[in-house]
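Okay, thanks for coming, everyone. Let me put the structure up and then walk you through a few pieces of it.

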Amino acid sequence: MLKLVDVHAGYGAIPVLRDVNIEVNEGEIITLIGANGAGKTTTLMAICGLVRARSGDILLEGESICGLPTNRIVEMGVCQVPEGRLIFPDLTVTENLDMGAFMRRDRKGIHEDAEYVFNLFPILADRRHQAGGTLSGGEQQMLAISRAIMARPRLLLLDEPSLGLAPLVIRQIFDIIVKINRESGTTIFLVEQNANQALKIANRGYVMENGVITVTDAADRLLANEDVKKAYLGI
Amino acid sequence: MEYFLELFLGGLTRGSIYALIALGYTMVYGIIKLINFAHGEIYMIGAFTALIISGVLAQFGLPGWSILLMTLPIAVIYSSAYGFTIEKIAYRPLRGAPRLSPLISAIGMSIFLQNYVLLAQTADFLPFPALLPELAFMEGFSGIMNSSELFIVLTAAAVMAGLTAYIKYTRMGKAMRATSQNQRMAMLVGVNVDNVISMTFVIGSALAAVGGVLIASHVGQINFYIGFIAGIKAFTAAVLGGIGSVPGAMLGGLVLGWTESFATGYVSSDYEDVFAFALLVLILIFRPSGILGKEEGHKV
C-alpha cells in the first residue's frame, strides 16, 4: 500500500533521512521504532507532504505522491495522528471530530462514525460540547485518534500515541489501534519510542538510527533480537 | 439626555464602520499572523469604485436606491479581487520568510495603491453622491440620528451577523477556524490552506468595501488618503478588541467609535484622535491581548 524508495529528506540544509526504504502492505500494522531524533517524525512528515523528499520516491498504491500538496494526499486516504496530538483547542469535541471528517460528504456515515467513537471513548461523549483545549492529555489523545477514525482512512499514520500518557491509558490506546486495524481493515503505520508495546501489536517493524533504517524484521523476531533488546527494550 | 443619545448613536455609526474594516485585519492576522497594512487601501478602492460606477449609472437617470443596489455589489466584487490579488503577489511568495518581510511588503503595497489612485484620480477631495436613501420616518429623529446613519448601522449589523453564521456553520468557516488554531493540523485533515487564506482576504476585502461605500455616501467626499486614516483607526479597533478575534474586532470597533464620539462631544473635537490612540496605549499597557483576545502561549 505504502512504499518509500531510497527517500532522502531534511529541513533546509540539514539532512535527516538517508536512503530510507519502507514497505507497508494492505491490512498490516507496521511499526517504526527508534530513539529521539532518529528521524521517525520526519518520515511521517515526508509521507504527508509536509516535508519534501529531496530524492527517492514515495508511492501510495503504486502511485507517486511525492510533491503532492498535503490535502491531496489526505484525500487519497492517508491520515496522520501527529505527535503532540494537535487538537484544535477552541473547537468543541464534536467540531474537532467534524474536522476529522472534513473530506467526507456522507452526512449519515459521519454521524454513525461519531456515534462509533463516542462508544469507543464514552468520556468524549460526556465532553462533546467542551473545547478541545480543556481536555486532559489522555482525553486529547483519544480525541486525536477519534478524529482520525472520522476520516475513515485507508492508511493511518500514528506518531508516538503513547507519549506522556499513563500506562493504563497507553494500554487502552493500543487496544483501540488493534481494534481499528481488525474491524475496518485499516492499514497502520505506527511510530513509537515505546518499542516493547509497539512490537507486541505489530506484524513487522523497522528500526531507525540517525535517519537510516538499520534493522527490519518480523515483530516477534525483533522482540527477540539481542541488539534491539539492548537498545530499545531496556532488557 | 438627547445630546447623550446623539453621541451614542453617532459613536455606534462610526464604530460599525471601524468594526467592518477591523474584521479584515483580525481575520487575516488570525490565519497568517500578518498585519495587512494594505487593508485600508481596499476600503478606499471600494469607495472609488462605487464613485465611478454610480457616476456612470447616474447618467441613465436611475433613482438613488437602485444605483446603490447595483453599485455596492460591483464595488464589493472589485475590492475582493484586489484583496485576492494582493495576497497572491505580495504575501504568498513570502510565506515562510521572516515575519518582518511580509509586513514590509504590506506597507509597500499600501503606498503603491495610494499613489496609484492618486495618479489615476486626483489628490483633491471628490464629491461622493448620497446613495443611501432618505427615510421619511427618520425626520422625527433628526436631532439624534439621520437615515444614512441608521442605514449604516443596520447594514453593518446584518453583514456581521452573516459573517458570524458563515464562520460558525459553513465548511469553509470551520476550515478557517481550524486553520487559525493550528495550520499544520488543518492541512493534515485535508484543508486546502491556500484556499482558506485566499478566501480570508476576499471576505475581509468585501467587508471593507461595504464600509467604504457606506461611509463615503454618508460623508459625501473621498480622496486617495481616506484608507490610511480609516485603516489605522480600524487596526486600533482590532487590537483593542483582541487581534485575531472576530467578536473582538466588532466590539473593539464599537468601543473606539463611542470613545471618539463622547470625547468629541463632551471634551473637544480637536482631541478626537488623541482619545482614540490614548485608549490604544492604555489597552496595550494594561491588557496587551485586547478585550476579548487570548493570552498568548496556551498549552497544546
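So, helices here are DSSP runs of H or I with at least four residues, strands are runs of E with at least two, and both are numbered from the N terminus. With that, A:Arg54 sits in strand S4 of chain A, residues 53-60. Quick housekeeping: this is a predicted model, where local features need pLDDT of at least 70, side-chain atom pairs count only at pLDDT 80 or more, and totals for chains, interfaces and linings use all residues. Residues are numbered from 1 along each chain as its sequence is written, while chains are lettered from A and ligands numbered from 1 in the order written.

Leaving out residues up to four places away in sequence, A:Arg54 touches A:His8, A:Ala9 and A:Gly10, where contact means backbone-placed C-beta atoms within 7 Å. For A:Ala9, 45 residues away along the chain, the C-alpha separation from A:Arg54 is 5.2 Å.

Zooming out, chain A has ten helices and ten strands. Of its 235 residues, 48% count as buried. Among chain A contacts with a separation of 6 or more, 66% join residues 24 or more positions apart. And along the principal axes, the C-alpha atoms of chain A fill a box of roughly 45 × 40 × 30 Å.

Notes
Contact = placed C-beta atoms within 7 Å. Buried ≥ 20, exposed ≤ 12 C-beta atoms within 10 Å, placed from the backbone.
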